[in-house]
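Subject: Structure handover

Hello,

Here is the structure for you to look over. My notes follow below it.

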Amino acid sequence: MPANGRTADSAGPVTAQTLMTADQFQDLSERILASVNTVIDGKARAAEIALTVLLARGHLLVEDVPGVGKTLLAKTLARTIDCSVSRIQFTPDLLPSDITGVSIYNQSTQKFEFRAGAVFANIVIGDEINRASAKTQSALLESMEEHRVTTDGTSHRLPEPFMVVATQNPIEMEGTYPLPEAQRDRFMARISMGYPDRASEIDMLSTHQSVSPLEAVRSIATVREVAAMMDTVDAVYVSSAVKEYVVRLGQATRESAQLRLGASPRALLQLLRAAKAHAALRQRNFVLPDDVVTMADVVLAHRLILERRSASTGQTAAGIIAAILDEQPVSPVRSSRSGAQR
Amino acid sequence: MSTDTSQRPSADGARSRTPGRPAGNSRRRLSAAPWAMAGAVFVAVVGTSLGLNGVLRGWSWLILVIITVAVVLLTTATARSLRIPQIGTQLLGLLALVMVLTLLFFNSSAVLGIFPTKATLDALGALLGQASDTIITGTAPVLPESGVVLVICAGIGLAALLIDALAVALAMPAISGLGLLAIVLIPALIKPDSLGIPGFLGGAAGYLLILAFGQWYAPVAGTSQAATRSTGQFRRAAALAAAAVVITALAASLIPGFSTGIFPQGSHLSAFGNVSGLNPMLTLGNDLRQPRGAGKLVYATDAPTGLYLRTTTLEDFSGRSWEPTVRDATRRLDLSAIGEDSSADAGSDHLTTTTVVESSDFSTPWLPVPYAPTSVSGLAGRWSWDPETLAIEGIDATALRQKYTVRSVMPVLTRSVLSQAAQTPPETLDPVFMSLPGDTPDIVRQRTEEATAGAQTQFDKALAIQNYLRSPQFSYSEQTPVANGYDGSGMDVLAKFLQVKSGYCVHFSAAMSVMARVAGIPSRIVVGYAPGQLTGATVFLGGKQLNEYQVDGHSAHSWPELYFTGLGWVPFEPTPGRGQVPVYARLPGAPGAAADSPDDVLNARRNAAATPPASASASPTPAVPNAAGPRAANAAEPLWISAAAAALLLMLATPLLVRSGKRGRRRKTVRSARPGEVPELAAWAELEELAYDYGMPAATGDTPRTFTSRLLRGPLSGWQRSIQQPPDDPGSASGIADGPGTGPGAVRVLLTAYERRVYGPEEAAPTELSNGSSAGAAAGPGGSDGPAKGPDGPGHPLLEALDVVHRTLRASSTAGRRLRAELVPPSALPWNRRSRSASRPPTKPTG
């Protein structure tokens, strides 16, 4: 934090003094997930990943066609937690200051006052982020990374916990500014909702008829509780065997002939954090390779850039990651073997 | 030997790539390493040198070898433990070798007994000269005289230094076998039974120790990875060695080359090249033992029967080993005048024969000629002859590729002529033919008295001795003397022979010669060749028709010649089943008289094998020793078959042995959990290998959970691994009851223990955040209690779990799969092991 900076405490950083007990953590996480699942039918995995990303202090990119519940997921998660939520509908004419805030001259006090933008909230829902101009996108992404907004030489700290859930429509391309690769790297995970299955869709048609189920969502956890959960996640133990495994996965993406851009160190860091959160959600205080395997796809896929040839032959980043996971031995001994075979 | 067996936690010997090893531990190893390795080298060198017994007589030399090797190795080990640089270590070792040799051999001429002086060098020259004499002229086993022992000690000391340098300084323990090979080579070349069992076992044991310590203690940084081997090193080495021995035994019995091929008797070469050399008694036995007679000689003669061809004689029976007497002073050069004295001796009719000899690849220094030569023509090179024995010796030539014509004269001897011979030897006869050394054993005198009791004339006595030796109580064997350690010549050998009563021509002829002298008859041993076989060809020479005979190494023979005053030297044939008993020496009805059969001339073994009925019918009594050979061979056949079958079984059982050895080791690790060992890893490795044996190998990218969940989905269902839905909860999805006593429960016990050990926090006992009170959490009931605290409890939950898994796998497999997994475990097959090693468990990094 810069020494000359002034900290704006709109919500105040929330830190838990003590870690949660295992039972509290499990109870809370299960209630949150149950609540989200009442609104979004048949998307338990998407809900779990969203919660995982939240607890790992990451940001989530939801990418899918319109109408599958991207925004609903974000809103439900936000409502389940008793915290400040703001929603930004990205449009081409949205300005950076709309997001970050602006300093306005107050006639009465004869001073510039900072009026906080939409980003000053615990959970920020950025709808159709690819519709805004690159400049506006950058303003959001910067604050995502640094958890603070700086205008006129003054830093304004964003509230904690802070999570951006951005949605993106991959189909509609006209008049959009798709996120560049470097920006996508800021999101811990990308998920796509996918269509609900038959039963869930029928269910959805009946329950969503009259009143929005969102109305029924009650807040379940406080900001303080969520912060405590995050601290619990931070305390999850990672053995060096797992660290080595993560590093080997990263190296494999960089060495893969099918990829033009592999996983960055930040990507690996976020993969490990996601794995920790996943482990905690599975009631473990240590990370298993399985946690890494589970999170690898959602954390890594949106950061990788395929070689043109692989892309033209219909390969996907997810497919390549799956192949790497199959090839990479979990133990160090195996890695030396496959290394020799290559 | 104190060995530090605390190893890395890799129960399966998997190398860790993590370099972080506790420094204190490695220091401790380093300090113990030189001593352990020196011990191993010592065992190897001294063990191998055990094989020199037989090259040297007795064991007195061994203590000197032990002292030399011990001093050298102690010096190098001390230098290493003091961290002296390698080159300095070797120099110190060399210095120690010089000093200890000085102390042992030249301490009178050295300063303080260990520092050589000028006088030491002179003494060294003298000893070396003595050694070279012994080496050139001696017959193995030679007496352990100072010269030879000095050379042996120096050589073995240098070999020990070489092995030490290879095994420790250069960190190439496997190559150090070369140094051992240098020691092995001496007995392998010289001794008829090659290295011998003690030498082989001692050397092999030492070599294995070197290999084992080379892996355990690698003081050179470059090999420190190898030092992280598991405790199974010894067992693995033993299993490997057992397999190697089995395969070698099988190969030796299956490949024809080892008994009859290019290198018969396992490439046991004759000491002096192709056929024979300076030591007639030694090479004779070797020639006889060649399965395929080495060398070939063809002669054509007008004599009615085949001829004995003499090369040289032995008459000086003093000394530990008998050798031809050197009479350089009286040797004569003119071969045309040969034998004039002996022909003058003859007091009766003479039979003159002409013989043409073609000696192709026989390379003795003595010329094979029939007795008694009167002229030899057609020889290349310069030759001389000894008037006393009529032995013809090359001055600058050997018998190799010579073609010569020999005229020989032999008195026609009959029993009556011999019986009338004078009873006292002439005074002109060299006393060497009469003298008996003082160490003539009593048994020789006793036996002679027994045999000649009642005999009147000298000829009767001679016959009695011959017939005693040809009696059925004696048997012909080329191997028994070797096996019992009395091969060769000398009074000790003779005494042993008269006790064991089994030997070959060398022993029979020596016995008869010495016994004849005891009985007062001058005698000498003749070395040469038995008549050999008719080739069926005839050669015409000067209008005469000569029958052609062929002689090879198997015809090598020795027989006694006894001197009868007025008649000269008369050959006898005491060896049963070999050669021809001369007409005058045959007794009607007596044993040995039935040698009319020409078959008897032939090689005993070949004869017996080729025409057993003829041999048996023609000469029933002498056939007894003959028949012993083939009968023994027949009896040995089932033995061979059963041995081969046992070897084959052992080879087939090798995977099973390897597998059960591994299993036992892992179970022991789990049970005892010594410091540094990780029971969970061992149990997990065993689980993986069990699954491999039952056809469910862990895939490359498998996490422990994916592996176990696949295991739990059963042997026959699809194994597709889903990334989208990781089997975070193995077993529960399958809906099987999963107490620890069931397969799924047991698998979960193992999985939980392994995961906690490998991935869990190190210090505090890793716990699940929730103890599974709801929602059937990851750890089942078995998972949350037992193994987390380690297998100290009496029940050993991990072992029980392994047993349950094993039972479940067995029960759920087909019979074929079950048999394969239990009897020929795929995980232990060498071609699978390579791929198997891919699925070893990760080691727990300690750094």
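Helices (H or I, at least four residues) and strands (E, at least two) are DSSP runs, numbered from the N terminus. This is a predicted model, in which local features need pLDDT of at least 70 and side-chain atom pairs count only at pLDDT 80 or more, while totals for chains, interfaces and linings use all residues. Residues are numbered from 1 along each chain as its sequence is written, and chains are lettered from A and ligands numbered from 1 in the order in which they are written.

**The hairpin in chain B**

Strands E14 (residues 556–564) and E15 (residues 568–571) of chain B run antiparallel, joined by 4 bridges. They form a hairpin with 3 residues between them. In the turn, Gly566(B) has a positive phi of about 90°. Glu561(B) sits opposite Pro571(B) of E15(B).

E14(B) also pairs with strand E11 (residues 523–529) of chain B, antiparallel, over 7 bridges. There, Ser523(B) faces Leu562(B) of E14(B).

Is E14(B) mostly covered or uncovered? It is mostly covered, with 9 of its 9 residues buried. Buried means that 20 or more other C-beta atoms, placed from the backbone, lie within 10 Å of the residue's own; exposed means 12 or fewer, and partly exposed is in between. Both faces of E14(B) are covered. Ala556(B), Ser558(B), Pro560(B), Leu562(B) and Phe564(B) are buried on one side. His557(B), Trp559(B), Glu561(B) and Tyr563(B) are buried on the other.

**Chain A**

Chain A has 14 helices and 13 strands. Of its 342 residues, 46% are buried. Take contacts as C-beta atoms, placed from the backbone, within 7 Å. Among contacts in chain A with a separation of 6 or more, 79% join residues 24 or more positions apart.

An open sheet of 5 strands in chain A has the order E3-E6-E9-E1-E10, with parallel pairing. Its edge strands are E3 (85–89) and E10 (189–191), each pairing on one side only. The twist averages 15° from one strand to the next. E3(A) and strand E6 (residues 123–127) of chain A run parallel, with 5 bridges. Ser86(A) has Val124(A) in E6(A) as its bridge partner.

Helix H2 (residues 44–55) of chain A lies across E1 (60–63), E9 (163–168) and E10 of that chain, at about 165° to E10(A). Axes are lines fitted to C-alpha atoms, for helices over the stretch in contact, and angles run from 0 to 180 degrees between N-to-C directions.

**Cores**

A nonpolar core is a set of buried Ala, Val, Leu, Ile, Met, Phe, Trp, Tyr and Cys residues joined through C-beta atoms within 7 Å. The largest has 127 residues. Those with the most contacts inside it include Ala50(A), Ala296(A) and Leu750(B). Helix H10 (residues 265–281) of chain A gives the largest share, 10 residues. Ala296(A) touches Leu249(A), Leu271(A), Ile321(A) and Leu325(A), leaving aside residues up to four places away in sequence. A second, separate core has 79 residues, among them Val357(B) and Met512(B).

**Helices in chain B**

Residues 146–163 of chain B are 100% helix and 0% strand, with end C-alpha atoms 25 Å apart. Residues 170–190 of chain B are 67% helix and 0% strand, with ends 32 Å apart.

Best wishes

Note on methods. Two residues are in contact if their C-beta atoms, placed from the backbone, lie within 7 Å. Two strands pair if DSSP finds at least two bridges between them.
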